[in-house]
Amino acid sequence: MVEELVAAGVTLASAGAVYVMAAARVVKQYERGVVFRLGRLRPEVRGPGFTMIVPGVDKLRKVNMQIVTMPVPGQEGITRDNVTVRVDAVVYFKVTAPAEAIVRVEDYRFAVSQMAQTSLRSIIGKSELDDLLANREKLNQGLELMIDSPAVEWGVTIDRVEIKDVSLPETMKRSMARQAEADRERRARVINADAELQASKKLAEAAQAMSDQPAALQLRLLQTVVAVAAEKNSTLVLPFPVELLRFLEKAQQVQTSPVVQQPVQQQLPSVEPHANTGAQGAISRQD
């Protein structure tokens, strides 16, 4: 009798151990457990720690509550200004309602991935190339709203969306490089012209000061000679004052100006040859 009781106790203990082993579940800190009893969803969600289910009746599905980083495959599209681009992005999302994420959608990861790809192609078609390159923050917000709207019904919240890279055709890259080079050259020319204008104003002020004080020009000439001689060259360049050149030019013009001459009258002989001949002829006829 005692042996039978011992055997029954061992059997019950073994059955209890097997039952506990079959019913025991451990939910991690970053997970939540969703229980289905005979195919029906139980209202309570099992938290982290040790929990028990009914073996053969209940089925526990664990849902990861961590933020998931999902890369979006590169999508090719044509922008609003007719430029072909390829855009890569990444989506950060997490599950906020475990029961809805399991019940409402078959695979919430695949659903979020497909929605992200579709939304990315839509954003490419609605945007211009300059927006994709410069206004990424605005596009990220619009892309996040487009993905988050249907994802809320699946128990998923989009944390953020980032556009990683925008690939352009080689011809477009060369065109943009030429445009940037031309713009920089234009700015360089404007800066040089502005510098020339400022320098001309300062030179005009210096010339005005030197014209008021002629000795300043001589001092400037001596400073130039000293600066040239300091380099220890065998050739000395001596600047020539412009005023001296103008003085020599005026003197040369005075020397080469035409002198007004009085007309000289030639004195003819008093007895013309023809008159003498006439007179002699007359005398010979009188004889």
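Student: Which residues is V156 in contact with, leaving aside its neighbours within four places in sequence?
Tutor: In this predicted model, V156 is in contact (heavy atoms within 4.5 Å) with F93, K94, V95, T96, Y108, V112, D148 and A151.

Student: OK, and which residues touch the most other members of the largest nonpolar core?
Tutor: V156 is one of them, along with V85, V91, F93, Y108 and I158, in a core of 36 residues. A nonpolar core here is a set of buried Ala, Val, Leu, Ile, Met, Phe, Trp, Tyr and Cys residues joined through side-chain atoms within 4.5 Å. Buried is under 20% relative accessible area, exposed is over 50%, and partly exposed is in between (1.4 Å probe, protein chains only).

Student: Which elements give two or more residues to this core?
Tutor: Those are β2 (31–37), β6 (68–78), β7 (84–95), α2 (98–103), α3 (108–126), α4 (129–134), α5 (136–151) and β8 (156–167). The largest share, seven residues, comes from α3. Helices (H or I, at least four residues) and strands (E, at least two) are DSSP runs, numbered from the N terminus.

Student: Is Q114 buried or partly exposed?
Tutor: Q114, which is found in α3, is partly exposed at 34% relative accessible area. Its C-alpha atom is 9.9 Å from that of P73, 41 residues apart along the chain.

Student: What does β2 pair with?
Tutor: β2 runs antiparallel to β3 (residues 40–46), with four bridges joining them; pairing takes at least two DSSP bridges between two strands. V34 has V45 as its bridge partner in β3. The two strands form a hairpin with two residues between them, and L38 in the turn has a positive phi of about 55 degrees.

Student: Switching to charges: how many salt bridges are there?
Tutor: The count comes to nine, where a salt bridge is a side-chain nitrogen of Lys or Arg within 4 Å of a carboxyl oxygen of Asp or Glu. One of them joins R80 and E128, with the closest N and O atoms 3.5 Å apart. That pair links distant parts of the chain: R80 sits in the loop between β6 and β7, and E128 in the loop between α3 and α4, 48 residues apart.

Student: Is R80 buried or exposed?
Tutor: R80 is exposed at 53%, whereas E128 is partly exposed at 31%.

Student: How about E185 and R189?
Tutor: Their side chains meet in a salt bridge, 2.9 Å from N to O. The two are separated by about one helical turn, because they are four residues apart in helix α6 (residues 170–212). Salt bridges that share partners also join D183, R186 and R187 into one network.

Student: Last one: which residues make the nonpolar surface patch?
Tutor: Y19, V20, V26, F50 and M52 make a patch of about 480 Å². Patches are made of residues with over 30% relative accessible area and no salt bridge; like charges are joined within 9 Å, and nonpolar side chains (Val, Leu, Ile, Met, Phe, Trp, Tyr) within 5 Å. Areas come from the Shrake-Rupley method with a 1.4 Å probe, and for residues only the protein chains shown count as cover. V20, in helix α1, counts as partly exposed at 39% relative accessibility.

Terms used
Residues are numbered from 1 along each chain as its sequence is written. This is a predicted model: local features need pLDDT of at least 70, side-chain atom pairs count only at pLDDT 80 or more; totals for chains, interfaces and linings use all residues. Side-chain values use heavy atoms; hydrogens and water are left out.
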